Every structure is written in structure tokens, then in C-alpha cells.
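Here is a short briefing on how parts of one protein chain pack against each other. Please keep the sequence and the structure in view while you read.

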Amino acid sequence: METLRRRSPEFDSLIRAGPRLGPLKQAHARLIVAGHGRTLPLVTKLATLAVAAGAAPYAHLLAASHPSCDSFLLSSLVRAAAHRGLPAAALAFYRRLLTAALPLSSFSFTAVAKACADLSALRIGMAVHAHSILLGFGSDRFVQTAMVALYCKCGQLPVARKVFDAIRDRSVVAWNAMISGYEQNGLSERAIEVYREMQVAQVVPDSATFVATLSACAQAGALDLGREVERHIVSEKMDVNVFLGSALVNMYARCGLVYNARNWFDKLQARNVVTWTSMIAGYGMHGHGREAIKLFHLMRHEGPTPNDVTFVAVLAACAHAGLVTEGHDAFDSMKRVYGLVPRAEHYCSMVDMYGRAGLLDDAMQFIRDTIPEKPGPEVWTAMLGACKMHKNFNLGVEVAERLIALEPENPSHRVLLSNIYALSGKMYHVEKVRNTMIKSRLKKQIGYSLIDLGGTAHLFRMGEKSHQQTREIYQYLEELIHRISDAGYIPETDSVLHELEEEEREVALRYHSEKLAVAYGLMMSNGSTAPIRIIKNLRICGDCHLAIKFMSSVENREIIVRDKHRFHHFKDGKCSCLEYW
């Protein structure tokens, strides 16, 4: 090969052609004319460049027509296809290797594993893994790392962790694969644990490590760790590329510091559609709908072309701020200006926007006239929430019955239907729905609230008594309830089960997870002025929303709650959501 580099004008012509199919075919013709049409190193280079040009079938013909096609040629094609984003072609070249009974290298297996990961082809990936072990590559750290990424992509986290733990000398790439795997499968706490293990192992993190860790912090609301990562990035004067910058913007937006997110957004030299969308979504989650729309208009004039995810963020921001006209205009521009076809998320956001604004007739008309196919459960769920919010019980029952027909095993629909019946005084129907749930063994999702203090997460459920400071927390909460009651708080007893007596309902409300978490945060930070930060896995209930408004006033503290849908910034007895939640 080195001799060809020095002497062959044909090799030079391939280099000049690069990964462009037209010039490569011309170079191929010159090879044939010059009598080098079967010179294996030149054909290998030609075929590899063809794959890089996206012409895998052409490369396949080159390999198939060569009488001395060897392992190096096919392995090169496997790697080129995998890295070019042509996973199906990579598997086809791998199968040719197997059919020809040619030897494989660790690089072949890493490339094939990547192709399987890109296709989420678990069964094929498992066969490749078994094949690598059979040929003695089971302990090769490059192959093991590729298998970790494969199993993570296919959602097989226990298997991925087992392979990861078996790697003797883990590279930063292996650590990154495990952190990303947990984060991308929604296990942010486990991702953070692996990052901490990486620190103990004294492995130097890279940009990809921080991108994955910041994403986990965003998911878990781990602001302290997010700030720690930021300090490391700044102190090491790392290059904040578009991926790392987007991760910082997203982390601060989802951890409740939307202004910090904007500061990073403004600092970035390069911003892609993800960066812009993250910032718009951040504004929307915090109830800053006007800022979200303003940034969206700036993006349309100065930034990249918005994609369908951008429009989800814009419509959600409009829904959470009551900006119906702006939301309607944004939805209209999707097809008219950008040629984007609305998906279920966009229809759901529009229904949610009309519903939150109390325009239930407009929401129903939108469902009937605009959604091209049968509306999915997410659309009717948004409609049902609006019916409950605005106490339209007759329509609520109709919508709930549609939902139950679509998803009979989803308990949350029956819980909402039960609440609507209860609010309208139809207690016989409440009992009927509850009995159906009991017979079907359907259980409501258990709510919990998290508060992170000093890097340690404390989880509370309703009536939680497993915490080591339970007695002090309950005592503090009792005193806090008395103080907010003196300030005018009256429990919203509609927020709990209606078969309980009024007094029992007040007691049940008192020990909701949100209140316990807030009480613990206030108790442990007495004298501090820093905001209390809570993460709730479900939508915050009406009574907790009201109680925390009073708590923010009597304690003179900002309390930030991130629930399933948005952020609530409670301060001076008011909430940033302005009741659009």
C-alpha cells in the first residue's frame, strides 16, 4: 500500500475523487484502462470511498466481482458503512465475511456492534456478541465497549452493566457508553452514580462525558452536580462546542434556572436547532411564553430552520401561557411555511392550549376538523384535563369514556373519570368506577416528590414515614399548616378521594409528598434565602399548589416545583404559572 501511495497515479486519482460517486467511477475507469482493475489495495480504497459516498451497492459489486476479495477489504467496508450511518449495509458486508469464512478482527466486531445498535437489532447483536466470544474477542476492551453501547441502545441495561463491569481497563469511551445508556433509558440517578464511580476511578472525562452527565442532571433535577460539571468545564477552559453548549442550556432550563440557561445560550458561538429548541422549551416550562415566542421569531430570522420538535416546544409554551393566537399562528406556519406534517404531539399541544384557555368548544372543533385520523389517547387526555379544570362534567364524562375505550388498562383515565363524577355529585358512579378498578386490579400511579440537599436526594411519598427525621418533619409541617391557615389557607378537599369524610380529606391532603418535601427543605435550610427545589413525578395537585403559594409567603422563600408538565415558581404567595397548569 505504501508503494502505491508513492508511485501510483491511480491511487492519487482516488484520493482526488474523494467520497464522490461520479469522480470515483471515473477513477475506476482509469484503473481498468491502466490494468489495475484487480489490484486489491486500489479496489479496497475505491470501495471504501464508495461507501463513504453513500453508494454501498456499488461497493458491494466491487467486492463481489473481485476474485481475491479478502478479509481486509470486507472488514474495511463493514467499518466504513457503520461509521457512514449505513447499518444495514454494514451487516450485509459482515454476512459476506461469514459466508466467505474469512477471519475477523476486533475492529470488525466493534463496527458490526455499532450497526446493530443503530438498528436496535438485539437478536442479531446477541449473535454477534456470541460470535466475538467464540473467536476469542470476548475480553477485547474495544469489542466489550461496543457491546455495552449495543445493549444500552436496546434497553438491556442489566446485560450492558454486566459487560461493562467485566472490562478490565475501561477507557473514557466505555464510561461514556454506560452513563449515556442509563440516561437515555430514563435512569438518570444510575447515570449519575456511574459518573461518580468514574471520578473515583480517576478517569479523565471528556466533552462526551459531560454532555451525557449534564443530560442526566437535567432529567434528575440534580442542579448541584450540574453546577459542578459547569465549574470543571470553565476551569479547564474546555471548548464548549454546540453539543456541550446545548447540554448546559438544557440542564439549567430543566433545573429551574432559565436565566442561567439563557446566559449560556447567548455565549455560544455555534447554536444548532437543538440549542434553540432547548431554550424555547425552557422558557415554556417556566411559564415565560412571551419570551419563548420572541426567541422563536428570532430563530426564524437568524437561526436554523425550526423542526417538528421546535414546534412542540413553541406550542407547549403557548399552552402554558394562554397565548392562543400565537399558538394558532405557529401551528399554521408548520405546513404553510416549513412543509412540516403535524404529529400527535402537535395536535395534543393545540388541544391542550385551547383547553387550558377554557375554549373547550374550540378544542372539540379542532379535534373534529383538523386531526386527519382518529385522535389518539394523548389528545383525549389533554381534553379530559381541560374538562376537569373548567368543570365541564358532561363533556368530561364523554371524553373519559372515549379514553377508556382506547386504553382500558390505563388506570389514570378511570381516576380522572371518578374525580369528575365526584365533582358533579354523582357518587354512585364514583363507586362504580372504583369497583371496576378493584376488579381489574388497576392501581393509580404512586406519586412522589424529590428534594436534593447537599448532593443527596430525599424521596417522599404521601404519608411517608420511612425517613430518619420523620418525627421532626411532621412536627414542622403541622406548625407550617397552622401558620398558612392563619394566613387564609383553606384546604381544597376536592383534591382527594371523595369517599372520605371532610375531616379525613383534610388529613390526607396534609401529608401529600409535595408538602412533606417542602417542609423538609424549609426545616433543613432554616435561615437560608436560597430557593427550595422540588421534583414531582406527577402533576401537582390543586391543594398542594394552593398551600405552597401560602408557604412561600409566610416563609418569605422562593419554592420551585417541577412537576410532570412544567415548573411552578412560588414566590410572595403567587405562582409563575398564573393558574395555566
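In this predicted model, Pro 87, Ala 88, Ala 90, Leu 91 and Tyr 94 of helix 7 are in contact with Phe 109, Val 112, Ala 115, Cys 116, Asp 118 and Leu 119 of helix 8. Sorted by class, the residues where helix 7 touches helix 8 comprise 10 nonpolar, no polar and 1 charged.

**Helix 7 and helix 8**
- Helix 7 covers residues 87–99 and helix 8 covers residues 106–119, and their axes come within 8 Å of each other while crossing at roughly 140 degrees.
- Because of that angle, helix 7 counts as oblique to helix 8, and the crossing of the two helices is left-handed.

**Helix 18 and helix 19**
- The axes of helix 18, residues 273–285, and helix 19, residues 289–302, come within 8 Å and cross at roughly 160 degrees.
- Angles over 145 degrees count as roughly antiparallel, so helix 18 is described as roughly antiparallel to helix 19.
- The crossing of helix 18 and helix 19 is left-handed.
- On the side of helix 18, the contact is made by Val 273, Trp 276, Met 279, Ile 280, Tyr 283 and Gly 284, and on the side of helix 19 by Glu 291, Ala 292, Leu 295, Phe 296, Leu 298 and Met 299.
- This contact between helix 18 and helix 19 has 10 nonpolar residues, 1 polar residue and 1 charged residue.

**Helix 28 and helix 31**
- Helix 28, residues 470–486, and helix 31, residues 542–554, have axes that come within 10 Å and cross at roughly 90 degrees, which means that helix 28 is roughly perpendicular to helix 31.
- Leu 477, Leu 480, Ile 481, Arg 483 and Ile 484 of helix 28 meet Ala 547, Phe 550, Met 551 and Val 554 of helix 31.
- The residues in the contact of helix 28 with helix 31 divide into 8 nonpolar, no polar and 1 charged.

**Domains**
- The chain is divided into domain 1, residues 172–271, domain 2, residues 343–444, and domain 3, residues 448–575.
- The centres of domain 1 and domain 3, taken over C-alpha atoms, are separated by 29 Å, and the contact takes 11 residues from domain 1 and 9 residues from domain 3.
- Between them, domain 1 and domain 3 bury about 700 Å², with 45% of that area on carbon and sulfur atoms.
- Asp 224, Arg 254 and Gly 256 supply 42% of the area that domain 1 buries against domain 3, which is more than any other three residues.

Definitions and conventions: Residues are numbered from 1 along each chain as its sequence is written. This is a predicted model: local features need pLDDT of at least 70, side-chain atom pairs count only at pLDDT 80 or more; totals for chains, interfaces and linings use all residues. Side-chain values use heavy atoms; hydrogens and water are left out. Axes are lines fitted to C-alpha atoms, for helices over the stretch in contact, and angles run from 0 to 180 degrees between N-to-C directions. Helices (H or I, at least four residues) and strands (E, at least two) are DSSP runs, numbered from the N terminus. Angles under 35 degrees count as roughly parallel, over 145 as roughly antiparallel, 65 to 115 as roughly perpendicular and the rest as oblique. A crossing is left-handed if the near helix is turned anticlockwise from the far one by less than a right angle, and right-handed if clockwise. Contact means heavy atoms within 4.5 Å. Ala, Val, Leu, Ile, Met, Phe, Trp, Tyr, Cys and Pro count as nonpolar, Asp, Glu, Lys and Arg as charged, and the others, Gly among them, as polar. Domain bounds come from an automatic or database domain assignment. Buried area is the accessible area (1.4 Å probe) that two parts lose on being put together, summed over both.
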